[in-house]
Amino acid sequence: MVTRKEDTPQRVANRKYEEKNKQKRQAASGNFQTMIPRDLFDEINAFLKERNMSKVDFIKKAYEFMKNNQ
């Protein structure tokens with residue numbers, strides 16, 4: 001059985017804020033929600049860390065590269 005943490009004023013405020021802004025946030029951004037094998041995940045993370053690059057920047061660059069090299 002999963003038990004919820006005790007409600008605190010901050011947790012109540014966070015839930016209220018999320019409920020109020022969820023649709024606006026979802027309309028403004030997206031999430032691929034995909035799974036990849038752990039070995040590949042670790043390899044990509046190491047690659048990005050070496051280059052001080054975020055996953056979002058990587059996705060943008062890969063997209064632009066593929067779009068321009070069809």
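**Group meeting talk: helices, rings and salt bridges**

Let's start with helix α2, which has 13 residues and runs 18 Å from its first C-alpha to its last, close to the 18 Å expected at 1.5 Å a residue. Before I go on, please keep in mind that this is a predicted model.

Now, on to the aromatic side chains. How many aromatic pairs does a search of the whole structure find? The search finds one. It's F47 with F58: the ring centres are 6.4 Å apart and the planes sit at 70 degrees, so we call the pair edge-to-face. F47 is in helix α2, residues 38-50, and F58 is in helix α3, residues 55-68, so the pair ties together parts that are 11 residues apart in sequence.

I59 sits in helix α3, and with 40% relative accessibility it counts as partly exposed.

Next, have a look at I36, over in the loop between α1 (9-28) and α2. I36 is partly exposed as well, with a relative accessible area of 39%. Which residues does I36 touch, leaving out those up to four places away in sequence? Those are F41 and I44. As for A46, that residue is 10 places from I36 in sequence and 15 Å from I36 in space, C-alpha to C-alpha.

Last topic: charges. The count comes to six salt bridges, and I'll walk you through some of them. E64 pairs with K67, with the closest N and O atoms 3.6 Å apart. Both lie in helix α3, three residues apart, and that's about one turn of the helix. E64 is partly exposed at 37%, and K67 is partly exposed at 40%.

Then there's a network: salt bridges with shared partners join R4, D7 and R15. D7 bridges to R4 with the closest N and O atoms 3.8 Å apart, and D7 also bridges to R15, where that distance is 2.3 Å. What about accessibility here? R4 counts as exposed at 62%, while D7 is partly exposed at 44% and R15 is partly exposed at 35%.

How values were computed. Residues are numbered from 1 along each chain as its sequence is written. This is a predicted model: local features need pLDDT of at least 70, side-chain atom pairs count only at pLDDT 80 or more; totals for chains, interfaces and linings use all residues. Side-chain values use heavy atoms; hydrogens and water are left out. Rings of Phe, Tyr and Trp (its six-membered ring) pair if their centres lie within 6.5 Å; planes under 30 degrees apart count as stacked, over 60 as edge-to-face and the rest as tilted. Helices (H or I, at least four residues) and strands (E, at least two) are DSSP runs, numbered from the N terminus. Buried means under 20% relative accessible area, exposed over 50%, partly exposed in between (1.4 Å probe, protein chains only). Contact means heavy atoms within 4.5 Å. The expected span of a helix is 1.5 Å times one less than its number of residues. A salt bridge is a side-chain nitrogen of Lys or Arg within 4 Å of a carboxyl oxygen of Asp or Glu.
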